[in-house]
Amino acid sequence: MSELQRQFTKPKLSSFPATTPTPTPLMFNEAEEEEIDHFETIIQPDDDSSSASSTSSASSTGTIIPSSDQRLFARPQGPPAKRSLNQIPWTTYFERELFLESNFDNVTVTHHAYLTSPVGNAPLFITHHGAGSSGLSFAILTSEIRKRLPSAGILSLDARGHGSTRTNPTPETPDLSLNTLSSDLIMVIEKTKVQMAWKALPPIVFIGHSLGGAVVTDVAKGGRLGNSVLGYAVLDVVEGSAIDALQSMQTYLSTRPLGFPSLESGIEWHIRSRTIRNSISARTSVPALLMHVEERGSRPWTWRTDLAATQPFWEGWFVGLSKKFLEARGGKLLLLAGTDRLDKELTIGQMQGKYALQVFPEAGHFIHEDLPEKTAMVIVDFYKRNDRSALVLPPKVSDMLKAGKKI
């Protein structure tokens with residue numbers, strides 16, 4: 001350093017402390033490991049030697065030295081955190097449960113349903129599950145719908161032979177024909193109206209998955225609910241592919257476990273086999289699919305619905321589905337897990353713009369459980385496009401003439 005430089009820097013250096021203060025340690029928080037790492041940053045003082053004048057990156061940025069209690073490469077202690085498999089109760093999603101009794105030919109059927117009432121003129125989303133499932137299959141989806149439409153109502157029933165719906169006396173094989181299931185759905189809607197003292201039915205949007213899609217389509221085609229039905233959404237069921245899949249149904253059923261040692265293991269199987277790809281939904285819907293039978297020994301949790309016994313009804317559920325779907329009154333929405341599921345009739349109808357189509361290739365068969373948020377967004381948009389309350393119609397000519405107005 002030259003004499004001129006020394007004279008210039010001397011008065012400036014005298015104003016600094018003799019030693020460099022140690023900065024406050026930096027805190028690094030890693031949520032997964034739940035450890036707090038302490039670092040001490042030490043900035044090296046300038047060296048008066050000529051070698052230091054090169055201003056290397058090490059001297060200009062400082063050197064980070066871990067404290068003595070730092071364990072940079074230590075493995076986490078204890079077993080890894082396990083994903084919770086505890087059951088999530090239905091009260092998380094619905095206001096109340098209903099038990100609606102009806103009599104058919106000396107047989108008493110007590111239908112069980114979950115309800116959240118609509119507010120004001122808000123719509124009522126009515127859901128029907130697929131074979132072997134229950135009303136809780138739609139719990140996550142409907143909660144996502146209500147995030148976007150807080151005033152909307154939800155009615156989600158357990159079909160006969162499913163969930164908490166009971167038949168007395170108990171038949172060896174429940175009547176699960178399409179006509180019976182459609183009549184049951186209409187009965188549940190009407191009895192809910194009476195029990196809740198509604199003056200009229202709110203605007204209705206049907207949502208049906210698999211078998212449930214065939215049921216809501218049949219009800220919409222029948223027209224027994226009149227203009228109350230705004231539209232219907234069918235989830236992952238198409239006539240052609242559904243009938244083709246029936247040939248391998250028994251093979252699929254033979255690969256399922258006959259029972260589970262605990263409720264949690266049943267939930268785990270659905271997640272691990274990717275039958276349901278959303279753990280929250282599995283913890284909500286799977287418990288309603290199983291029942292505890294002490295006589296089953298080491299696997300007391302068995303299937304509530306014997307799907308193999310419903311084989312006589314399989315073909316009747318889906319024959320003519322595509323035609324009814326295209327012809328029924330109201331808005332139409334089809335959600336699929338792949339375009340390969342479209343049959344010829346629906347492909348032509350889609351090209352003609354007769355219905356809305358949404359495909360979620362990343363989902364499995366249970367679209368509404370795997371992707372509840374995305375499914376809810378599509379269904380809410382579908383409702384808004386078919387909401388008649390938003391329409392402002394011009395006055396009728398006859399009314400204008402009666403009022404003495406000139407035309």
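This is a predicted model: local features need pLDDT of at least 70, side-chain atom pairs count only at pLDDT 80 or more; totals for chains, interfaces and linings use all residues.
Q: How many salt bridges does a search of the whole structure find?
A: A salt bridge needs a side-chain nitrogen of Lys or Arg within 4 Å of a carboxyl oxygen of Asp or Glu. The whole structure was searched for such pairs. The number found is eight.

Q: Is Lys324 buried or exposed?
A: Buried means under 20% relative accessible area. Lys324 has 17% relative accessibility. Therefore Lys324 counts as buried.

Q: Which residue forms a salt bridge with Lys324, and where does that partner lie?
A: The closest N and O atoms of Lys324 and its partner, Asp218, are 3.1 Å apart. The pair links distant parts of the chain, 106 residues apart. Lys324 lies in helix α11 (residues 321-327). Its partner Asp218 lies in helix α5 (residues 211-222).

Q: Is Asp218 buried or exposed?
A: The cut-off for buried is under 20% relative accessible area. Asp218 has a relative accessible area of 18%. So Asp218 is buried.

Q: What is the N to O distance in the salt bridge of Arg96 and Glu95?
A: The side chains of these two residues meet in a salt bridge. Arg96 is partly exposed, with a relative accessible area of 32%. Glu95 is partly exposed too, at 49%. The N to O distance between Arg96 and Glu95 is 3.4 Å.

Q: Which helix holds both Arg385 and Asp381?
A: Arg385 forms a salt bridge with Asp381, and their closest N and O atoms are 3.1 Å apart. The two residues are four residues apart, about one turn of the helix. Both lie in residues 372-386, helix α14.

Q: Which residues do salt bridges that share partners join into one network?
A: Some salt bridges share partners.

Q: Why is α3 called oblique to α14?
A: Angles under 35 degrees count as roughly parallel, and 65 to 115 as roughly perpendicular. Helix α3 (residues 139-148) and α14 pack with their axes 8 Å apart. Their angle falls between those ranges, so α3 is oblique to α14. That angle is about 55°.

Q: How many residues in the contact of α3 with α14 are nonpolar?
A: The α3 side includes Ile140 and Leu141. The α14 side includes Pro372 and Val380. The contact also has one polar and three charged residues. The nonpolar residues number eight.

Technical notes
Residues are numbered from 1 along each chain as its sequence is written. Side-chain values use heavy atoms; hydrogens and water are left out. Buried means under 20% relative accessible area, exposed over 50%, partly exposed in between (1.4 Å probe, protein chains only). Axes are lines fitted to C-alpha atoms, for helices over the stretch in contact, and angles run from 0 to 180 degrees between N-to-C directions. Angles under 35 degrees count as roughly parallel, over 145 as roughly antiparallel, 65 to 115 as roughly perpendicular and the rest as oblique. Contact means heavy atoms within 4.5 Å. Ala, Val, Leu, Ile, Met, Phe, Trp, Tyr, Cys and Pro count as nonpolar, Asp, Glu, Lys and Arg as charged, and the others, Gly among them, as polar.
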